[in-house]
Amino acid sequence: MHSTDVAIIGAGPGGYVAAIRLGQLGKKVTIIDRGYPGGVCLNWGCIPSKALIHAADVVDEIKNASSIGINISGEPQIDFAKMIAWKDDVVKKLAGGVRQLLEGQKVQWLEGEARLSGAHRIEVRTANGVETVEAQSILVATGAHPIDIPGFEFDGENVVHSRGALAWQKLPKSLVVIGGGVIGVEMGTLFAKLGTEVTIVELMDQILPGTDPELTKVVQRGLKKRKVALHLESKATKLEKRGGGYAVTIENKKGKTEVVECEKVLVGVGFRPNTKDLGLESAGVKLDERGFIPVDKYQRTNVSHIYAIGDVIGPPFLAHKASKEGLIAAGVIAAEAGVENDVRAMPAVIFSDPEIATVGLSEEEAKKAGHEIRIGRFSMQASGRAMTMQSTDGMVKIIADAKSDLLLGVGIVARGASDLISEAALAIEMGAAAEDLALTVHPHPTLSETIMEAAEAVADRAIHSLSSH
Amino acid sequence: MALEFRLPDIGEGVAEGEIVKWLVSEGDSVQEDQPIVEIMTDKATVEIPSPVSGVVKERKHAEGAVVPVDDVLVVFETDDAAAPAPKASAPPAAPKAQAAPKAAATPKAAAAPKTPPAPQTAPAAANGGSFEFRLPDIGEGVAEGEVVKWLVSAGDTVQEDQPLVEIMTDKATVEIPSPRAGKIQELRVEAGQTVPVGDVLVVLSGSSGASQPTPAGVVAEPVAVGATAAPVARSTSAPVTAPSGNGSSVAAPVRRAGKVLATPATRKLARELGIDLQLVPGTGPRGRVTKDDLDRFQRRSPSAVGMMAPTGTAPARPAPQPLAAVEPEREERVPFRGIRRKIAESMTRSMYTAVHFTYVDEVDVSRLVDARSQAKSIAAEQGVNLTYLPYIVKATVAALKKFPIVNTSLDEAAGELIYKHYYHIGIAADTPGGLVVPVIKNADQKSLLEIASEVTDLATRARDGKLQVDEMRGGTFTITNAGNIGGLFATPVINFPEVAIMGVHQIKDRPVIRDGQIVPGKIMYLSISLDHRIVDGAVGARFMNEVIAYLEQPDRLLLEMR
Ligand SMILES: Cc1cc2nc3c(=O)[nH]c(=O)nc-3n(C[C@H](O)[C@H](O)[C@H](O)COP(=O)(O)OP(=O)(O)OC[C@H]3O[C@@H](n4cnc5c(N)ncnc54)[C@H](O)[C@@H]3O)c2cc1C
């Protein structure tokens, strides 16, 4: 048995970031994980998926190169196994980096399955038997796991979630993606770019439900251009083995069914928190009706020395949100002054094609919150830089309060949106007005100019735009 | 020799610390300044360095123990017989996670609180020919004002310089004139609301006929007007006219609703200081609260600082409950605002901050009465009405010089006591609008007659509400003339952040015993309230003895004259 100031369960982007900060603040920390520094995000989430998305983009550019005078004879040859090995290498390097950073702060790494057995006690099943950790404070950062649907149970090889798909050694010829959310769209697009025939089935009337349809329709159009078969307002009702692959029955809202044959099936319909076999009840930690752990603005659960961060406290499921909450929890545990969760702008990015990035309120949310709003839009078609990059699909949409001109939200659908959005996040955190964005000089020629122009458009005075709204 | 080392003062308001970890063991040799123990206080964990080089003989407490400041922490054995006294030599602990470092680092800013004029941003294009007029800078250090009364309504046509609105600041009510001719499009704030300097008060449209373009140059105009303070700040201490008591118009809460505009770093600083951002007037663009605003707020409303629970504890601040009317038809509801509310605020702040103690003594002013009656006619020839007050001012200044501690104020944020080498004596005056305190500046350099005529002038203008803002600030000590109405003596409330206030009471014929005989004497009671945090009782008593000595022997005052 060993005792420590803080025990952290889960070494994802929430847990490991908290561990490092607590180390910096002089706390003795033990971090317990099944063996994956970086958690879902690094091992089978953000990083591996973005690596493969990059690879797919390269293929896409090569295929498109002749349009700008670069002729390549024949189709690009894809060595998928090598691509996967490269991706694994990226993951390995980063995971090693996380371990080093933890060691640098003298954080104790304990590998195994953790379970609380009291308010201050954790039992860890390790390779060498059960070890008990006594901790003054406990930080729960165990993340979430994907849900499957009856009839479509994961088998880890052919019917999979993203984790399984990211480990395939052979590129599937055809793929049915159930769920048109972030995971489904990102993975579906990636495989489509690599040459797989992709079908996406989504229950709602748009892909990426919950995101402004004005932004998602650009992505939807892109998928169609790419010949991805979209079945909106439809559900997958039956899965049968057929030949070497599967037959998926898809039923639309009118009750009409269609059978799509495919080699593999990817199910991305949501996540459930990893709170089930964690022994939280032994410490008296309360869960909400869906099993997530409710916390206050200090990341505290109902038990004041037990904290929770990241996916395990509920959506949105974002790595940077987990990390931010990790820093807050660390500050609170170490009694740093002035620490609390007062984030006003949590950016979210979807690595679709083009990318979608949002921060602050959407148009609909702003109206619901009772704001009288003004909207500034600017199309990528009017951006010189976008044209030089052959990426003119998309737009920037700025939502400002009509009276005060304060920025309420920004949505971008465009190539590079993931990097463009931070400016908007900063602006909202700083309490900027749309006019502040418009008055700030943006370098030319860059995609970032479109944010300035959209901000001008809030006051109906974008320069590179003929139509004001 | 053995040396006891006590837990030093590790920060303002910190009375105790918990021993988190010993960094040395008994028997260890330590160097001076070497960290010996980690102490956790409410706000931060600090490492306490050793005051000496030597050997740790005994650790007086175990890890986890809570040790009051000044309790022995550890005993050292030093070979240096001339080891300095531990307390004096203990370098102040450097908090690892500084609790309120920023505030402490900027006390100097206090000396120059002149806020830069609020930037007048060009009106948004959407406004066309309209012009947003923002609350101008209405005097040094004034960050906000409360709208007492609108003098115009939407739709009115106004002339340049026509008064638009009565704004109440800390100390006076001023009328804000229109920067230009035009039509009132929109009043942006309601009576009762508090407006930060730089916030839009009113939207004016271009003057009738001549269409007014709004290039940036024109926009600068109102700033210039506001910045010249004098013509703008026409003081009117207007009696607050109460709207008919329909009960519907209650004073707007000072606490703003919704999210306060502030950068993440400012928000964090506010939490570190325990300041509720909602209470802080913002002077930045669109009312944004800046770090300077926090600093100013902290200096002006120290009692509001720390109202928010710092990190780790959920803030609990019950909202004020509206009082239900008992017999509504026989009650009248009058908005609580203007001077009355400012008085309420400053009295509350004073009572909750300064630790008041009051001391009363009697003065035999028989000789002063003689002296004054002789001088009175001479003064009258010069057109000056000489009362007793100038003598009391002079006696007070003379005593303040001997007891400089009474002429100080406490800068809590900086942890510094400010000794003032000037003597600005406030005279509390009862006016129809409420209590105001005009200040006689540099009273030490003025003659009795000069003070007498200044008192008369200030008092008259105070009554008429004509005082300038600057005439009511900067006091270092206040005298309140409560006695001319009646009573034996009072317990005056300190004019915070000053540390003392003296109450002067009626001169009455009272029996005194002189040479074993009961004879009629001219007796006056003097009371003084002092801030016991700063001035101890004995010092206060000696200060009073000094004032009394001057008043009983007015000739002595001559020696102080210049
Ligand atoms: C395919 C995919 C792509 C994604 N892309 C992005 C993206 O681009 N951007 C983005 O922001 N987010 C993305 N996400 C989401 C992101 O991965 C998560 O939000 C993030 O990982 C949450 O971090 P966390 O620290 O809360 O938990 P996790 O990363 O889930 O880490 C939890 C850790 O806890 C460990 N653990 C759980 N239970 C126990 C136990 N009982 N004992 C011991 N250890 C335990 C697990 O092994 C795991 O290492 C993606 C997710 C997926 C699946």
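Gln162(B) is placed in the loop between strand 12 (157-158) and strand 13 (163-168) of chain B; here helices (H or I, at least four residues) and strands (E, at least two) are DSSP runs, numbered from the N terminus. Its C-alpha atom is separated by 8.3 Å from that of Ile176(B), 14 residues apart along the chain. The model is predicted, with local features requiring pLDDT of at least 70 and side-chain atom pairs pLDDT 80 or more, whereas totals for chains, interfaces and linings use all residues. Residues are numbered from 1 along each chain as its sequence is written, chains are lettered from A and ligands numbered from 1 in the order in which they are written, and side-chain values use heavy atoms, with hydrogens and water left out.

The ligand is surrounded by 35 residues, the closest being Gly14(A), Asp33(A), Lys50(A), Asp311(A) and Ala319(A); a residue is near a molecule if one of its heavy atoms lies within 4 Å of it. Of the shell residues, 18 are nonpolar, twelve polar and five charged. In this division Ala, Val, Leu, Ile, Met, Phe, Trp, Tyr, Cys and Pro count as nonpolar, Asp, Glu, Lys and Arg as charged, and the others, Gly among them, as polar. A backbone N or O atom of Cys41(A) lies 3.3 Å from a ligand oxygen atom, and a polar backbone atom of Ala114(A) is 2.9 Å from a ligand nitrogen atom. A side-chain N or O atom of Asp311(A) is 2.9 Å from an oxygen atom of the ligand. Taken alone, the ligand exposes 990 Å², of which the protein buries 95%; accessible areas come from the Shrake-Rupley method with a 1.4 Å probe, and for residues only the protein chains shown count as cover. Two or more shell residues are given by each of strand 2 (29-33), helix 2 (39-44), helix 3 (46-64), strand 4 (113-116) and helix 9 (319-333) of chain A. The largest share, four residues, comes from helix 2.

Over all chains, the count comes to 50 salt bridges, each defined as a side-chain nitrogen of Lys or Arg within 4 Å of a carboxyl oxygen of Asp or Glu. In one of them, the side chains of Arg415(A) and Glu61(A) meet at 3.6 Å, N to O. This pair links distant parts of the chain, 354 residues apart: Arg415(A) lies in the loop between strand 22 (407-414) and helix 12 (417-429), and Glu61(A) in helix 3. Both residues are partly exposed, Arg415(A) at 35% relative accessibility and Glu61(A) with a relative accessible area of 48%. In chain B, Lys402(B) forms a salt bridge with Glu546(B), with the closest N and O atoms 3.0 Å apart. Lys402(B) is partly exposed at 47%, whereas Glu546(B) is buried at 14%. A network of salt bridges links Asp212(A), Glu214(A), Glu363(A), Lys367(A), Arg377(A) and Lys397(A).

A nonpolar surface patch is formed by Val58(A), Ile62(A), Ile68(A), Ile70(A) and Ile72(A), with about 400 Å² of accessible area together. Patches are made of residues with over 30% relative accessible area and no salt bridge, like charges being joined within 9 Å and nonpolar side chains (Val, Leu, Ile, Met, Phe, Trp, Tyr) within 5 Å. Val58(A) lies in helix 3 of chain A and is partly exposed at 37% relative accessibility.

Most residues other than glycine have a negative phi, and most peptide bonds are trans. A cis peptide bond, with omega about -5°, joins Pro315(A) and Pro316(A); Pro316(A) lies in the loop between strand 17 (306-308) and helix 9 of chain A. The bond from Asp353(A) to Pro354(A) is also cis, with omega near -5°. Ala335(A), not a glycine, has a positive phi of about 60° and is found in the loop between helix 9 and strand 18 of chain A.

Key: Polar contact = N/O pair within 3.5 Å; in protein donor to acceptor, adjacent residues only side chain to side chain. Buried < 20%, exposed > 50% of the residue type's maximum accessible area, 1.4 Å probe, protein only.
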